[in-house]
Amino acid sequence: MSDTTLKRTCVINPATDRAVKADGKIGQRVIAARQKQKERKAAPAPAPKAVPKPAPKTAPKVDKKPVIKDVEDTPFINEPTTATGKYNLPERVKFIKQIKQLVKDIKNGDCVEPKKFGSRDGYTVRDIINLEEVIGTPSKYGVIYLTTIKGAPSSYKIASKLFKPTTGNQNEVKIMDYITNNIILTEKSRHFLALYNNTRCMDNKLQEKIRLLSINELAHGDLKGLISKNAVMGNDNLVYNLLLQVMISIATFQKQTKLYHYDCHYGNFLYQKNIEKGHYHYQAGVEDYYLPSCDYNMMIYDFGIAKKITNDLASGRYVLADYLRIMNAFINANDGGWCDGNLIKDKVSKDIASMRREMMMNFVFDDPLNTPDKIIKYFAQQIPAFTKLRPPKIINTKPFVI
């Protein structure tokens, strides 16, 4: 048999390296194995398994629209602008000290007692203060009374809040007391309301909803009301200024108390009317910043569910969420925000929405106590009115501390 015939009728068995007949059982198995090997080589290589990308550092889900349950228990009234000169911080500090002295004899454990004021039902505390007129509508979360002090001028307007002595409400009173004594009276910040005094009644016969009393400074309105005003939200400079004040108030609260607020909706940012002109000087860490005055002084309020900041990523998410949530108040509904009337100029609304997205992606840190300084620095880079260059007229001789 010739070599050619051998090549056509035989195959080499790789197991023995010897020729076997191609049409035999062993030959057929060898040929089948070769065919499968050719098919495997011809087939495209399988795509490598995708390695999942690490999840971006984002804050917890932020509510797109707040549900405000305690809508009517905030301490504010309307006053003419001509009467608001007394609300600059040095004058406020003088007034707070005077009121604290006038109500100092109210002790913890004192209870309110029913009292008539003409046809109106109210309360008194040992005839030292008189809770004469309800402000707003009572809710299950509390009721605010416009309050007078025996022997004090009628211009001494203060507010008294009656509510249940829950853990959260007592926590709120403790935080406000700390803020009053350590931040407001030391003139570190203008972005908080003062607490003059408080008492928890221990008489179980009294209705629970009126057993905790806090005696507070008054405001003139809240951010929820402002974002419905075309004259406010249609003014680009004012929108940016209010946003910056709100960011500063959150940063100051977080840094000075080591707490995150956890409930930053537009009903928890109050304002007092303002007639000061010039720039306010702030310090965040070693940096100096300057912000123009405007018609409103914004204040953060309602600390009943505030929580301690811990030095980890989980806490960092909630620290950032304080800022992200309230930023929705400065974004039109058309852009996913809370300004239902779409009163903000389109460019401004989209600019703030863009800043919010950038913060959401890049500002969650595992050292959350340093986040406020980073937030303030970021806004100084984004909004020219918040400048590091010292302007000619500075209102406050002592810088506010963020």
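A disulfide is here a pair of cysteine sulfur atoms within 2.5 Å, and the structure holds one such link. This is a predicted model, in which local features need pLDDT of at least 70 and side-chain atom pairs count only at pLDDT 80 or more, while totals for chains, interfaces and linings use all residues. Residues are numbered from 1 along each chain as its sequence is written, and side-chain values use heavy atoms, with hydrogens and water left out.

**The disulfide**

- C111 and C201 are joined by a disulfide with an S to S distance of 1.9 Å, and the link is right-handed, with 80° about the S-S bond.
- The two cysteines, 90 residues apart, connect distant parts of the chain, with C111 in the loop between α3 (89–102) and β3 (113–117) and C201 in the loop between β8 (195–200) and β9 (212–216).
- Helices (H or I, at least four residues) and strands (E, at least two) are DSSP runs, numbered from the N terminus.

**Cysteine burial**

- Buried means under 20% relative accessible area, exposed over 50%, and partly exposed in between, with a 1.4 Å probe and protein chains only.
- C201 is buried because its relative accessible area is 2%, C264 is buried at 1%, and C339 counts as buried at 0%.

- Two strands pair if DSSP finds at least two bridges between them.
- An open sheet of three strands runs in the order β14-β13-β17 with mixed pairing, and its edge strands, β14 (287–292) and β17 (400–401), each pair on one side only.
- β13 (residues 279–284) pairs with β14 in the antiparallel sense over six bridges, and Y280 has L291 in β14 as its bridge partner.
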